[in-house]
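Dear colleague,

Please find below the structure for your review. A summary of the findings follows it.

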Amino acid sequence: MLRGLIVGTALMCGAVLPCAAAAASSFELHMIVPCGPQDRTYVLEGTSHEFCLAPDKVIDETGIVKAERYPVISRVIVDVTPAASDKLLAVSTQNVGNDLAVLFNGKLIFKATIDAPLKLDKFQLSLNNAPEQVDALVDAFPGPKT
């Protein structure tokens, strides 16, 4: 489990196709790494904490099925594709104890420590430091039209 990331446990049934994200929206999960002299730093929204990110993406917007607003509080439920779930499991298994970060439209909106391997089809992001990003995420990834 991730500290700071509330994990959904429901399993999706049937084939799931990634939805197309809104034109200028990007969503990326990266591992946090020590900063080198030439590395770009990102400030975690709502704080003054700076972090550097591994260049490889764990998941990008192609792995997102949809994002839904969690009722009342600043949380978003993010559904991911089976392929994104498998990649998250592989990376998290090798990185227990390290930090994972979420970039949305180039802004660092979330960071959490990986406490155990993650096999998820959905997860919740607590965005108390960046509440304005909740609706933007939901708008960017509304899911497949039914």
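**Core, helix packing and salt bridges**

Leaving aside neighbours within four places in sequence, Phe-27 is in contact with Ile-59, Asp-60, Glu-61, Ile-64, Val-78, Val-102, Leu-103, Phe-104, Phe-123, Leu-125, Leu-137 and Phe-141 (contact means heavy atoms within 4.5 Å). This is a predicted model, in which local features need pLDDT of at least 70 and side-chain atom pairs count only at pLDDT 80 or more, while totals for chains, interfaces and linings use all residues. Residues are numbered from 1 along each chain as its sequence is written, and side-chain values use heavy atoms, with hydrogens and water left out.

Phe-27, Leu-125 and Leu-137 have the most contacts inside the largest nonpolar core, which has 31 residues. A nonpolar core is a set of buried Ala, Val, Leu, Ile, Met, Phe, Trp, Tyr and Cys residues joined through side-chain atoms within 4.5 Å; buried means under 20% relative accessible area, exposed over 50%, and partly exposed in between (1.4 Å probe, protein chains only). With 4 residues, strand 9 (residues 107-114) gives the most to this core. Helices (H or I, at least four residues) and strands (E, at least two) are DSSP runs, numbered from the N terminus. Another core, of 8 residues, lies apart from the largest one and has Ile-32, Leu-44, Phe-51 and Leu-53 among them.

Helix 2 (residues 132-140) has Gln-133, Val-134, Leu-137 and Ala-140 buried. They lie on the same side of helix 2, because they cover an arc of only 140 degrees around the axis (taken from the directions from the helix axis to the C-beta atoms). The elements that cover these buried residues include strand 3 (27-33), strand 8 (99-104) and strand 10 (122-126).

Strand 10 is largely enclosed by the rest of the structure, since 4 of its 5 residues are buried. Strand 10 pairs with strand 7 in the antiparallel sense over 5 bridges (two strands pair if DSSP finds at least two bridges between them). Phe-123 in strand 10 is the bridge partner of Val-78.

The whole structure holds 6 salt bridges, each a side-chain nitrogen of Lys or Arg within 4 Å of a carboxyl oxygen of Asp or Glu. One of them joins Glu-28 and Lys-57 (3.5 Å, N to O). Glu-28 lies in strand 3 and Lys-57 in strand 5 (residues 50-59), so this pair ties together parts that are 29 residues apart in sequence. Glu-28 counts as buried at 15% relative accessibility, whereas Lys-57 is partly exposed at 35%.

Yours sincerely
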